[in-house]
Every structure is written in structure tokens, then in C-alpha cells.
Amino acid sequence: MTRTLIVVGHGMVGHRLVEEVRARDAAGTWRIVVLGEESRPAYDRVALSSYLDGKSAEDLSLVTHEFLDDPLVDLRLDTGAASVDRHARTVSTTDGAVLGYDALVLATGSRPFVPPVPGHDLDGCFVYRTLDDLDEIRDAATEGKPGVVIGGGLLGLEAANALRLLGMHPHVVEMAPRLMPLQVDEGGGQVLSRLVGDLGLTVHCGAATQSVDADEQGRVRGVTLADGTTIDTDVVVFSAGVRPRDELAEPAGLERAERGGILVDDRCRTSDEHIYAVGECAAVEGRCYGLVAPGYTMAEVVAGQLVDAAGDGFPGADMSTKLKLLGVDVASFGDAHGTTGGALEVVYANNAAGTYAKLVLSDDAQVLLGGVLVGDAGAYSVLRPLVGRELPAPPEQLLLPAGSGVDAGALPGDAIVCSCNNVSKQDITTAITEQELTDVAAVKGCTKAGTSCGSCVPMLKNLLSECGVSTSNALCEHFPQSRSELFEIVHATGIQTFSELIGRHGSGRGCDICKPAVASILASLGRGHVLDGEHAGLQDTNDRFLANLQRNGTYSVVPRIPGGEITPDKLITIGEVARDFGLYTKITGGQRIDMFGARVEQLPEIWRRLVDAGFESGHAYGKALRTVKSCVGNDWCRYGVQDSVAMAIRLELRYRGLRSPHKLKSGVSGCARECAEARSKDFGVIATDKGWNLYVGGNGGFTPRHAELLAADLDDDGLVRLIDRFLMFYVRTADRLQRTSAWIESLEGGLEHVREVVVEDSLGIAADLEAAMAAHVGNYSDEWAGVLRDPHKLARFVSFVNAPDAPDPTISFTEERGQIRPVSLPMPSIRQEVRA
Amino acid sequence: MKWQQICAYESLSPEYGVPALLGEHPVALFRTGDGELFAVGNVDPYCGAGVISRGIVGDREGEPTVASPMLKQVFSLRTGECLDDPGTRLPTFAVRRKDDVVEIGLP
């Protein structure tokens, strides 16, 4: 029999609850109605400020298509619960419906606390909780002006970061004598203040807000502190803590905790056996938790009871946190404030480097109780699982930067390595040995460890090697080096050929893995036409025939049409060539025209006609730059703010022929409407009224990804310079067949590292990267024309060496929708004869 | 064995394959880096297309190989056996260099 579960609140915890129930309820005994007050389904509130840093609401969304299409889930947005009638077992919604339930889960979360200072409700005052709040703050923000955040806790610093991303100069006002008073101690707070001060934040600690002051129109014009300091601003964001949303409790006759929150027991049950509360609105045995991890645990506890009528109770929460706020590492774990009787502290502070680390130890200095790390939280992944255990090494050794005299080996098996997903060291090592996992990605997929905040990923690498898995980066059996190492060898030594390279640095004669990889490296470095001499035998079939192999052994031909701009005459030429050679034609997804069904021996004649008409190879066959898609831009479009067509053509012509570890695509949109879908590309450009925004790392292949903002408001040349550096950095350092998205993920520091290298030139290689790209641009020549000029190369384009004009008997076509399509022939009889 | 003349030895490049017609059978002919000649069926048994001659020549633990350009299965040039999927094999043909001409033996 189907029962009805009502979940009030579609935040992170409410959503996790529904997911857990759906995952465990294979028989489909629960129909679930979810009420969500916001206009959007659940999204990642923890990553809220990234919404102002290039992420879209979609990127932050936690729901999938399957979830939205699930017939057992009825998600009602813009709808809250007005009241609960426990006796009738119904919920009245804010839109007037009355819904019956068999079980009710309150996941109403919390609301920001706004201290009742005079002026707190003026126009220009905001809270920091939802995407809508951020939209309002964005609308109100003025670049270059000061903005004030009331509250210097975790959320307050998040809000300050949001203002900073909007170009404002944030002031943070905190009542306590230090920032993040709940997480860090005084020493850590001092280091933290200095670090965020260096980033342009003005910190006012130990400061109470006396009033928010209005101008004549009743809008915010400034803030006055208790010591008389005034700050001129027209944007004030309150971020001074949260209060549980427990207002449904009392009218329904449910008990509240003394300090607020819906009172529940350790199984998240209220005093009514049909009603549960989870997340920030719940006071588990009297205590509210303001982090998402304990909320997720509560969701699992309740889902267990709903589906299996069993399960463990809430085990209490690990309040450890590690975060990067404004680029500053902050971590606190265990008894960070040393409240345990007799606790001892060991502190290592390095003011020069801006790091602070403290360990809290038991009175005999044997057991780790907790700690605080600011500026460098590298040791967190080793230290946190050690809480409550005997120290494996002297404390001073544990505190030294980059953590660490200890490695994974020091951890006991039951130590929790991934606290987000509650995965122990034992779980991980067992999975590695039993499932024969060989890399971090497999460990993530198998155990879920490292899939949330990612702070334990370095530990996963250590555990792999502890289990004897050497994560080799050898290219193949012929080369012990990785692709990027080979690139550097070829670059530095000037080696011109594959045989020279394998003779000096490899072994054997090569294979279909290393030959094309080396061919790509040689081509990136401009060592001759891809079919020159020995190079020809290295190429994958597409590069060997400068066309795309199709399933029946014929090829497709794609001329370059930069930016998708083409003259009628050129269109006619393509039509005539396709007609005369009987080719199937199709408009591609990249604004080109693809001609299919060309036989090897026909390719030169097809190219000759295209080259004569002014076309060149579109490299649609290569691990190379493919297309730069464009919208129509401000010449024609009503909304366009920049000339996206001209920029797309400039970029496509600049990077044409560039060989890379994987194929590369790009797009240029002339305005934020994004008609060129630039953010689904390896590098995408979107026009703003101030210039160009550059996004990188989109596409992702079968793991689709949006590109993320690398730099904003660039002028034409600035844009091209950054793309030069980005592409060359990728070409040099990525693994074979590694897309830009996976490459960025694989770099320690991810996109931030790319930004440091490409935008800030932290490695001092920007000039070198630009020079390498300039050399590529200078050396470009059309590969098709190169074949047509060279009789030796042309000689390779025959059907049979001893019968150059005899058609290949394995190729035949039928007709469909007025064009050819390939027919697969039965396997030739010779195969059976020989086998028999 | 009847031998059919195919082409001049000099027209074959090292570590490179060419397609040839043996009677009406498509054959892939290879010259490896050390000058050895191999001939196997040109038709990829996994897709039926005549593409083996366009594959990349190399070795796997010393065994001379060609990888089909279609779905990249690797075949031994010596035995025709698919090294990724034992049990599937390409037909093999006798091949010899007579003076400056390459000849393949008809089965």
C-alpha cells in the first residue's frame, strides 16, 4: 500500500532525505510530496558565493532530471506549509491546499538573524541566505564602493567575499574580539584577520553596530559603530547567525527546545510519532547544528526509520570544518578551544608565512583532542581522523607546515578519512584491494570518499600507494614518461622524429598509444607537415588521411568555415563538390558542413576543388582546435554588445591547426544570452558591455561540464593573450586524451592554479607560452594544400597499391531520405576459408 | 604456392601499411622498421570495413602488431591473432621480396 510522506522544505537536507528514501524504498511504498518555499529546487547553499564567481543557479542545483521526473515525487515550489493538524494528520499549504500524510518531516532550515539595531530594515539592508538574496545584493552593489557585512563568522566572511566578487570594498563588523570566533582561537583569528586584510577587507573586531543610518529617501547611507566610527555605504548585509525555523511547532503542539528549534530525540522524532524534524530546524536532544553534514546524517537516520523501520540513532556531529574563505585555508576540528579539563596546547605560528596551527592535547600530551589551522590546512586530512587517538608522532612534527611527518600509514583502520561521507580508512583500503582500484577516480566512484568537500583527496592518493598501487603515469609499455614529460623532452632537446625519441628515451618500436601522442607533440612544436616522411606512420587514421574515418571505411570531409560565416559562392562550391562526388551532406553542430562517404582515392580531388575555392582543412579529424562557434553579434543582433563574429573568426584562424591532447572547441557569444553556448566549450568567450569574459574547462565529454570564469572584462588583445597562455599551458602539461575539464580537475589547486599561472604568471612562464603560440601561428599552413603539392604524399591516397583505381569491394551504399547511407557488407569469405 | 607481384619494395615506407588486391581479396601489406614484410587480411573482422592497412604499426612486448584504426583492436602481424580478443584472427599471407618486387602468395 502506498503511504504519503510530506517533506516541508526543499533545502540541502530536505532533498537528501527524499533522495535517501527513494534510494532505499525499492518497492515504492512511499509517495513523497515536497514543499519548497523558494522558486528553485534544492541547491548547494554551501557554495552560494560561487554564484557570483561564474557559477549559474543551474550549476549549483542538486536535483537531476531523474529526480524531477520521478513519478513518486511531487515537488511543489513556491509553496510553504502554513500549519500542521496533527490530529487530522494534514498539512495546510500557503496556497490553500490541505494534504494528508502518513509521515511528516519538517526540514524548514533556519532564517538569518537580523539584530534589531535601528535602521536594520532600511532599503539597502540584505541577508545572505538564498540565491534571490544574492540577486538583490548584486543589483544593489556598486563597484568600487564600500559595503558592510555585520557578522564576522563563517557566513559573514562568505558574504564579504560575495561583496568582493561584486567589486566592492567590504568592511566586516564582528562583536567578538576575533573573526570566526566559533571555529578559531585568538591566535588563529589574528592570522586570519591579517590574511583577509591583505585581500582588501577591512576588519572591525570587538565592534558593536549602533545603527544603520538613512539618507533623505530612507535608503541606507552608512553604518555607525558603538565607538563612534562611521562607514559610508549603501549596502549592508546581515550575517550574524541563524535561528531555527520552528514556527510550525507550537501551533501544532510540538515541543520546542529551550533555545529554539523543534525538539527531537536521537532518532529525530518529535513528540508525535508521525512527525520528524531534520537539519537546522531540529534540536536533537536540545541541540541545533548549523552545518550540512550533521543535517545529512539526520536525513539518513529518518530515511532508515521510514523505510526499514530500523537504523541507528543520530551519533552526534563532527563539527570539524575545513574551508577556503577568500582563498584562505581555515580548519578547526575536535575540541578546538581546549574546553576539556586539563587540555594542553601546542602552537606553531609563522607570521612571515601567515600560517597558524594549534593542537589541543590531553593532559598527558598523548591523545589529540582537536586543533585549529589557519593559512595552511594541508595537515587537516591527517590530523582530523586522529582526534581521540594517541599521537603517532611528537606534536611538533605534526604541526610543521605541509603536515607532516605523518602519512596515511599512521592512521588506524577505523579512522574516518572522509567525514562528509563517513568513510573510514579501512573502507577505502578494502575497496582498493578487493575491487583492484588503481586511481583516485575509481576510489571516489567506489567509496564516495572525496566526492564532497575534497579535502581528503591527498589522503586517497596516499592510501593507494600504501596498498601498493603505484599510480604510474607512464604513457605505454614503450615510454616510462608521461605525455607532459615527453613534451618537455622534445621541446628541450629539439628531437625531430619518433624514432629518435624512442631510441633515446623509450624502448621497442611504439604502438597506437605512443605514436599518435608523439605525433601530436611534434605537430604542436611545429616539426613539419603531419604526413612528412616518418610522421605519416605515427598518425591515427584521421590525421593520416586528413579526414574523419566513418564506420564503413570511407571518410568525411569538413572544410573550415571560421565563425560559421560563409559566402553564397562558397556554399555553392560545397554543394557542387558533394553532388559531383555523390556525398552525403549534413550541417554539423559546430556551424560547418560535413560531406560523408568519400573514398580514400577521392580525397585529393575533393580537396583540390575546395582549396581552389578558398577553403582549407577544418581539422575536424584531429585532436586539434575544431570550431569556434559564434552567435551573430552586434552587427545584426538587437541584443549583442560586442562583435562576436569577428572575435570567433579571429580566434579560429589564430588557433587553426593547433594540435592538442584532446580535441578543442570554443564559442563566442555576443551577449549574456549565450546563443553560441560558449560555456559548454573548452574555452568560451561571452561579451559584456565592458569587454569579454573568458570561461575555461567546459564540455567534459561524457561527464558534461560548464566552463568556469577565468577572467572578466578583457579587451580584445588581453583576451587573446590569456587564451594563448591557457591553451599552450594545457597542450604542454595535459595527459594524452585528457580534456581541458579533466586537466583542470587534475591540477592541484584546480582552476585557481590555472588562474595563478595564466593570469598572474605565478610560474613566470607566460612569456614562453605566448612565444610558443606565436610560433604556432607563424608556422601554420593548410595541411590539405600541403598534400596536394607533394606527389609522395598524394601517392598514399590510393584504394590499392597494385590497383589504384579499383574501388574497395567492402564499400557500398544504399539511399535514404534522398542521400547515400553506408551498407555493411557481410564479412568476406576469405576469412572463413583461412580459419577453416 | 602461386606468387602474385604487388609493388616495388621501395614504394613501401617503414612502419607503414598499404592496401593491395590479391585476386579479388583486399590484403594489408606492411613493411616494419627492420625491413620485414607482413601481409594480413585488410578487412577488420569487427566492422567489415577494409581498413587494416591504415592502422598504426608497432609492437606489443616485441610482437609486431597493427592496431585497427576503427575500434583499435590490436592484431599480431605474424599470426593475425587479435591480441585483445584471442580467438579472432585476420587471415595471413605469405609474402616475399624478390629482387625489388614484393610478392604475396595466393593461399
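**A look at the two-chain model**

The backbone oxygen of A:His535 sits 3.3 Å from a polar atom of the A:Gln539 side chain. A polar contact here is a pair of N or O atoms within 3.5 Å; within protein, one must be able to donate a hydrogen and the other to accept it, and residues adjacent in sequence count only if both atoms are side-chain atoms. Before going on, a word on the ground rules: this is a predicted model, in which local features need pLDDT of at least 70 and side-chain atom pairs count only at pLDDT 80 or more, while totals for chains, interfaces and linings use all residues. Residues are numbered from 1 along each chain as its sequence is written, chains are lettered from A and ligands numbered from 1 in the order in which they are written, and side-chain values use heavy atoms, with hydrogens and water left out.

Back to A:Gln539. A polar atom of the A:Gln539 side chain is also 3.0 Å from the backbone oxygen of A:Val530. The residue belongs to the loop between α16 and α17 of chain A; helices (H or I, at least four residues) and strands (E, at least two) are DSSP runs, numbered from the N terminus. Is A:Gln539 buried or exposed? With a relative accessible area of 4%, A:Gln539 is buried, where buried means under 20% relative accessible area, exposed over 50%, and partly exposed in between (1.4 Å probe, protein chains only). Setting aside its neighbours within four places in sequence, A:Gln539 is in contact with A:Ala519, A:Val530, A:Leu531, A:Arg544 and B:Ile56. Contact means heavy atoms within 4.5 Å.

In all, 41 residues of chain A are in contact with 46 residues of chain B. The two chains bury about 3400 Å² between them, 57% of it on carbon and sulfur atoms; buried area is the accessible area (1.4 Å probe) that two parts lose on being put together, summed over both. Between chain A and chain B there are 19 residue pairs in polar contact, both residues at pLDDT 80 or more. The interface also holds 4 salt bridges, a salt bridge being a side-chain nitrogen of Lys or Arg within 4 Å of a carboxyl oxygen of Asp or Glu. B:Lys72 and A:Asp540 form a salt bridge, at 3.0 Å from N to O. On the side of chain A that touches chain B, α16 (514–524), α17 (541–545) and α27 (829–835) each supply at least two residues. The biggest giver is α27(A), with 4 residues. Sorted by class, this side of chain A has 18 nonpolar, 12 polar and 11 charged residues (Ala, Val, Leu, Ile, Met, Phe, Trp, Tyr, Cys and Pro count as nonpolar, Asp, Glu, Lys and Arg as charged, and the others, Gly among them, as polar).

As for chain B itself, the chain has 0 helices and 10 strands. Of its 107 residues, 59% count as buried. Among the contacts in chain B with a separation of 6 or more, 39% come from residues 24 or more positions apart.

Over all chains, the whole structure has 55 salt bridges. One of them pairs A:Glu247 with A:Arg111, at 3.4 Å from N to O. This pair links distant parts of the chain, 136 residues apart: A:Glu247 is in the loop between β17 (242–244) and α7 (249–252) of chain A, and A:Arg111 is in strand β8 (residues 110–112). A:Glu247 is partly exposed at 38% relative accessible area, and A:Arg111 is partly exposed at 36%. Another salt bridge joins A:Glu143 and A:Lys690, at 3.6 Å from N to O. Here the partners are 547 residues apart, with A:Glu143 in the loop between α4 (131–140) and β10 (146–150) and A:Lys690 in the loop between β34 (683–688) and β35 (691–696) of chain A. Both ends are exposed, A:Glu143 with 54% relative accessible area and A:Lys690 with 53%.

A:Arg755 is buried, with 15% relative accessible area, whereas A:Glu752 is partly exposed, with 37%. Elsewhere, salt bridges that share partners tie A:Arg560, A:Arg592, A:Glu616, A:Glu652 and A:Arg656 into one network.
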